[in-house]
Amino acid sequence: MGKMFNFRFGRRLAVGEESYDFPPFRPPSEANSLLLRVTRGCPWNRCAFCPMYKHVKFEKRPVQEVKQDIDTARDYTGGNVETVFIGDSDSLVIKRDEMCEILSHLHSVFPSLTRVTSYARALTLKRKSLKSLEQIRLAGLTRLHIGLETGSPRLLARMKKGAGVETMVEGCLKAAQAGFEVSLYVLVGIGGESDWEEHALETANVLNRINPDFIRLRTLTPQPDTPVFEWWGEGSFKMPGPETILKEQRALIENLSVTSQYLSDHVSNYAPIDGSLPGDKTKMLSQIDTALERLADDAAYKADLEGMRYLRRL
Ligand code: SF4
């Protein structure tokens with residue numbers, strides 16, 4: 001029977017008589033990776049800005065089913081896979097032995113793997129023992145993408161992140177100690193028009209304590225079915241304009257004392273500010289200053305940036 005791809009149940013890619021269950025979300029840096037799902041949805045699912053898994057019931061997938069997906073992927077790729085992203089939002093919530101069994105199978109089926117990454121919540125990392133994390137790292141998971149969003153305790157609580165500053169720091173430092181590359185997401189604009197400075201300064205503080213390998217920026221875009229969208233609609237949350245967004249990024253970068261890659265690698269961002277810190281700090285600040293000057297003088301540029309808010313998704 002010829003094999004064909006089609007979507008089934010909105011979450012499974014049917015492959016002939018088999019089916020491959022793929023995650024609907026992955027970091028932009030994993031655009032070319034094989035996607036492998038060990039859980040479905042988010043065990044927390046309460047962040048006020050996040051619509052990602054609102055309509056997905058959280059489930060852990062049976063290990064045998066995941067291994068079958070790995071075998072199916074081998075049939076379709078010929079084993080030629082170098083990078084894998086494991087979904088969904090908090091994969092390390094499954095048992096250590098199960099994760100190690102999946103990783104071991106993954107690496108035996110795809111011996112040329114150079115990178116295997118996953119999203120992880122800081123609270124889950126904090127709850128895992130260092131020894132467990134080290135074993136998962138040794139089994140072949142190499143990088144963790146963690147949503148810090150902000151270093152402001154007040155904003156973390158307002159956004160119902162489910163983890164405070166100390167949990168963020170402890171979870172991320174433990175992951176780094178276990179040998180993982182740590183990639184942290186910061187949500188630009190999360191403080192609105194009023195609290196952008198608090199967000200920038202406190203986030204810089206927390207990032208300085210963690211010193212992650214990567215700092216990745218996304219810009220808040222209110223999405224339907226989220227509390228932030230309601231707050232925006234009723235006027236209790238004021239979306240920051242482009243000038244505030246750029247000032248916020250400027251304050252963040254200026255106050256960072258990390259040795260990290262800083263990447264605006266998400267479609268939601270207003271300006272492509274990227275660089276290696278600390279070496280590129282001066283250049284990055286100068287790029288933002290140029291954009292701010294242009295905003296002040298060029299009404300068409302300002303209108304373009306403001307319009308982007310309605311075109312982009314979190
Ligand atoms: S931001 Fe992450 S932890 Fe929060 S609800 Fe969304 S997927 Fe879950």
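Predicted model: local features only at pLDDT ≥ 70, side-chain atom pairs only at ≥ 80, totals over all residues.
Me: How many bridges link strand 7 and strand 8, and in what sense do they pair?
Reply: Strand 7 (residues 83-87) pairs with strand 8 in the parallel sense, over four bridges.

Me: What should I know about side chains when I look along a strand?
Reply: In a regular strand, side chains alternate between the two faces of the sheet. As for strand 8 (residues 115-120), five of its six residues are buried, so the rest of the structure largely encloses this strand.

Me: Zooming out, in what order do the strands of the open sheet come?
Reply: Eight strands make up the open sheet, and the order is 4-7-8-9-10-11-12-13, with mixed pairing. At the edges you find strand 4 (34-37) and strand 13 (275-276), each pairing on one side only.

Me: Which way does strand 12 run against strand 13?
Reply: Strand 12 (residues 261-263) and strand 13 run antiparallel, joined by two bridges. To spot the pairing, look for Gln261, which stands opposite Ser276 of strand 13.

Me: Which strands does helix 6 lie across?
Reply: Helix 6 (residues 165-177) lies across strand 9 (143-149) and strand 10 (181-188), and the helix runs at about 150° to strand 10.

Me: How many residues are in the largest nonpolar core?
Reply: That core has 73 residues, and among those with the most contacts inside it are Leu36, Val84, Ile146 and Cys172. Helix 7 (residues 196-210) gives the most to this core, with six residues. For a closer look, take Cys172: leaving out residues up to four places away in sequence, Cys172 touches Ala122, Ile146, Val182, Leu184, Ile210 and Pro212.

Me: What is the phi of Lys160, and where is Lys160 found?
Reply: Lys160 has a positive phi, near 55°, though this residue is not glycine. Look in the loop between helix 5 (153-158) and helix 6. Lys160 counts as partly exposed because it has 13 C-beta neighbours inside 10 Å.

Me: And Asp225: buried or exposed?
Reply: Asp225 counts as exposed, since it has 10 C-beta neighbours inside 10 Å. Its phi is positive as well, about 75°, and its place is the loop between strand 11 (214-219) and helix 8 (227-234).

Me: What is Phe229 in contact with, leaving aside its neighbours within four places in sequence?
Reply: Phe229 is in contact with Pro222, Gln223 and Pro224. This residue is found in helix 8 and is partly exposed, with 17 other C-beta atoms within 10 Å. Phe229 and Phe49 are 180 residues apart in sequence, yet their C-alpha atoms are 7.6 Å apart in space.

Me: Last one: which residues surround the ligand?
Reply: The surrounding residues include Cys42, Trp44, Asn45, Arg46 and Cys47, along with Ser89, Arg121 and Gly147. By type, the shell divides into six nonpolar, three polar and two charged residues.

Terms used. Residues numbered from 1 in each chain as written. Near = placed C-beta within 6 Å. Nonpolar A, V, L, I, M, F, W, Y, C, P; charged D, E, K, R; others polar. Core = buried A, V, L, I, M, F, W, Y, C linked by C-beta atoms within 7 Å. Buried ≥ 20, exposed ≤ 12 C-beta atoms within 10 Å, placed from the backbone. Contact = placed C-beta atoms within 7 Å. Pairing = 2+ DSSP bridges. Axes fitted to C-alpha atoms, helices over the stretch in contact; angles between N-to-C directions.
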